[in-house]
Amino acid sequence: MDNASRHTLFSFFNEIGIIAQLSRAAMEARLPKGLTLPHFSVINHLIRVKDGQTPLALAKAFQVPKTTMTHTLSGLLDHGLVDMRPNPKDGRSKTVWLTEAGRQFRETAIRSIDPDMSAIKSAIPEEKIAEILPILAEIRNFMDAYRDEN
């Protein structure tokens, strides 16, 4: 890889990393006490993809150790945002299901960042952001597939 390409790609991912850190801090500042972005992310994943997944499947999806996911799920259970049920496929493992409170938590959390989103929308036209969404989705899809191959 030549230096110009390396610099461009590094700069791209560096900007994404900074945006991720800033957006994480903004979201966590608005979440209820005792809940973190990993809690929100699991709830969001279960709504976006599907609930009824095993803790191991969730750990793989988030690329974290199973113990880390177990800890995150424990917090969600303590707050009544998920239920654990026996896995009907094997009876040994558990599956994670959203509660109505979990679904409501996600909606409330998303609405809580409206002031931040309004500020962004005032500074950067929504159409401009919409233009880059397909490119970001393409990169995410590639990286998901690439991770699974390696």
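User: Which residues in α7 do F12, F13 and I16 in α1 meet?
Analyst: This is a predicted model: local features need pLDDT of at least 70, side-chain atom pairs count only at pLDDT 80 or more, and totals for chains, interfaces and linings use all residues. Residues are numbered from 1 along each chain as its sequence is written, and side-chain values use heavy atoms, without hydrogens or water. Contact means heavy atoms within 4.5 Å. By that test, F12, F13 and I16 in α1 meet three residues in α7: L136, I139 and M143.

User: How many nonpolar residues does the contact of α1 with α7 have?
Analyst: The classes are nonpolar (Ala, Val, Leu, Ile, Met, Phe, Trp, Tyr, Cys, Pro), charged (Asp, Glu, Lys, Arg) and polar (the others, Gly among them). The contact of α1 with α7 has no polar and no charged residues. Its nonpolar count is six.

User: How are α1 and α7 set relative to each other, parallel or perpendicular?
Analyst: Their axes, lines fitted to C-alpha atoms over the stretch in contact, lie 14 Å apart. The packing angle is about 100°. Angles of 65 to 115 degrees count as roughly perpendicular. α1 and α7 are therefore roughly perpendicular.

User: At what angle do α1 and α2 pack?
Analyst: The axes of α1 and α2 are 9 Å apart. This pair is also roughly perpendicular. The angle is about 95°.

User: How many charged residues are in the contact of α1 with α2?
Analyst: R24, M27 and E28 in α1 meet L37, P38 and F40 in α2. Four residues of this contact are nonpolar and none is polar. The charged residues number two.

User: In what order do the elements of the chain run?
Analyst: Elements are DSSP runs: helices (H or I, at least four residues) and strands (E, at least two). The chain has seven helices and two strands. From the N terminus, the order is α-α-α-α-β-β-α-α-α.

User: What share of the 150 residues is buried?
Analyst: Buried means under 20% relative accessible area, and exposed means over 50%. The C-alpha atoms fill a box of roughly 55 × 40 × 25 Å along the principal axes. Of the 150 residues, the buried share is 23%.

User: Where is Q63 found, and is Q63 buried or exposed?
Analyst: Q63 is not a glycine, yet its phi is positive, near 55°. Its place is the loop between α3 and α4. At 55% relative accessibility, Q63 counts as exposed.

User: Which element gives the most to the lining of the largest pocket?
Analyst: A pocket is an open set of 1 Å grid points where a 1.4 Å probe fits, with protein on both sides within 12 Å along at least five of seven lines; lining residues have an atom within 4 Å of a point. The largest pocket holds about 2400 Å³ of space and is lined by 42 residues. Elements giving two or more of them include α1, α2 and α6. The top contributor, with eleven residues, is α7.

User: Which residues lie nearest the centre of the largest pocket?
Analyst: By class, the lining has 27 nonpolar, seven polar and eight charged residues. Those nearest the centre are I16, I19, A20, S23 and R140.

User: What is the volume of the second largest pocket?
Analyst: Its lining includes K50, D51, N87 and W97. Three of the lining residues are nonpolar, five polar and three charged. The volume is about 180 Å³.

Terms used. Grid points are joined across faces, edges and corners, and a volume is the space filled by probe spheres set on the points. Axes are lines fitted to C-alpha atoms, for helices over the stretch in contact, and angles run from 0 to 180 degrees between N-to-C directions. Angles under 35 degrees count as roughly parallel, over 145 as roughly antiparallel, 65 to 115 as roughly perpendicular and the rest as oblique. Buried means under 20% relative accessible area, exposed over 50%, partly exposed in between (1.4 Å probe, protein chains only).
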